[in-house]
Structures are given as structure tokens and as C-alpha cells.
Amino acid sequence: MNTTDSVTYEKIMIPLRLPPELYKELIIKVTEQKMSNRGYSINQYVTNLIYEDLKKK
């Protein structure tokens with residue numbers, strides 16, 4: 001789901017390497033969010049975290 005004004009092909013891909021335990025927790029968190037927002041994804045969750053952190057500064 002593209003929730004920004006950027007065209008998908010213009011976005012920059014960054015590989016994400018997580019330990020298995022952290023990945024499992026991430027999947028649980030994203031799955032909980034999917035209950036109310038069907039198009040929610042790991043990418044959206046990570047993007048929101050980064051955006052909120054940068055916005056605080």
C-alpha cells in the first residue's frame with residue numbers, strides 16, 4: 001500500500017536484517033495492526049517508526 005506521494009519505482013530499497021527472535025515479535029506486532037488496517041505491512045511499520053523518530057528531532 002503506497003501511503004506517500006512518492007511513486008513506488010522512485011522509492012529506495014533498504015535491506016533489513018533482523019535476528020529471528022526480533023522478526024517474530026515484529027510479525028506479531030504487524031499482524032495485530034492488520035486486524036484494523038488490511039494493507040498494513042512490515043514496511044509500513046518500519047517506515048512509521050523511522051518517520052516518527054526523525055520528526056521528534
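User: To start, where does Met35 lie?

Analyst: Met35 lies in the loop between α1 and α2, the latter covering 42-56. Helices here are DSSP runs of H or I with at least four residues, strands are runs of E with at least two, and both are numbered from the N terminus. Keep in mind that this is a predicted model: local features need pLDDT of at least 70, side-chain atom pairs count only at pLDDT 80 or more, and totals for chains, interfaces and linings use all residues. Residues are numbered from 1 along each chain as its sequence is written, and side-chain values use heavy atoms, with hydrogens and water left out.

User: Is Met35 buried or exposed?

Analyst: Met35 counts as exposed because its relative accessibility is 72%. Buried means under 20% relative accessible area, exposed means over 50%, and partly exposed is in between (1.4 Å probe, protein chains only).

User: How many helices and strands are there in total?

Analyst: The protein has two helices and zero strands. Buried residues make up 9% of its 57 residues.

User: Which residues make the nonpolar surface patch?

Analyst: Leu16, Leu18, Leu22, Tyr23 and Ile27 make a patch of about 420 Å². A patch takes residues with over 30% relative accessible area and no salt bridge; nonpolar side chains (Val, Leu, Ile, Met, Phe, Trp, Tyr) are joined within 5 Å, and like charges within 9 Å. Areas come from the Shrake-Rupley method with a 1.4 Å probe, and for residues only the protein chains shown count as cover.

User: What about Leu22, where is its place?

Analyst: Leu22 is in helix α1, residues 20-34. With 42% relative accessibility, Leu22 counts as partly exposed.

User: New topic. How many salt bridges does the structure hold?

Analyst: It holds one, and the partners are Lys55 and Glu52, whose closest N and O atoms are 3.9 Å apart. The criterion is a side-chain nitrogen of Lys or Arg within 4 Å of a carboxyl oxygen of Asp or Glu. Side chains of opposite charge can pair when their charged atoms come close.

User: Where are Lys55 and Glu52 in helix α2, relative to each other?

Analyst: They are three residues apart in helix α2, so about one helical turn separates Lys55 and Glu52. Lys55 is exposed at 52% relative accessible area, whereas Glu52 is partly exposed at 38%.

User: Last one: which helix holds Leu49?

Analyst: Leu49 sits in helix α2. Its relative accessible area is 47%, so Leu49 is partly exposed.
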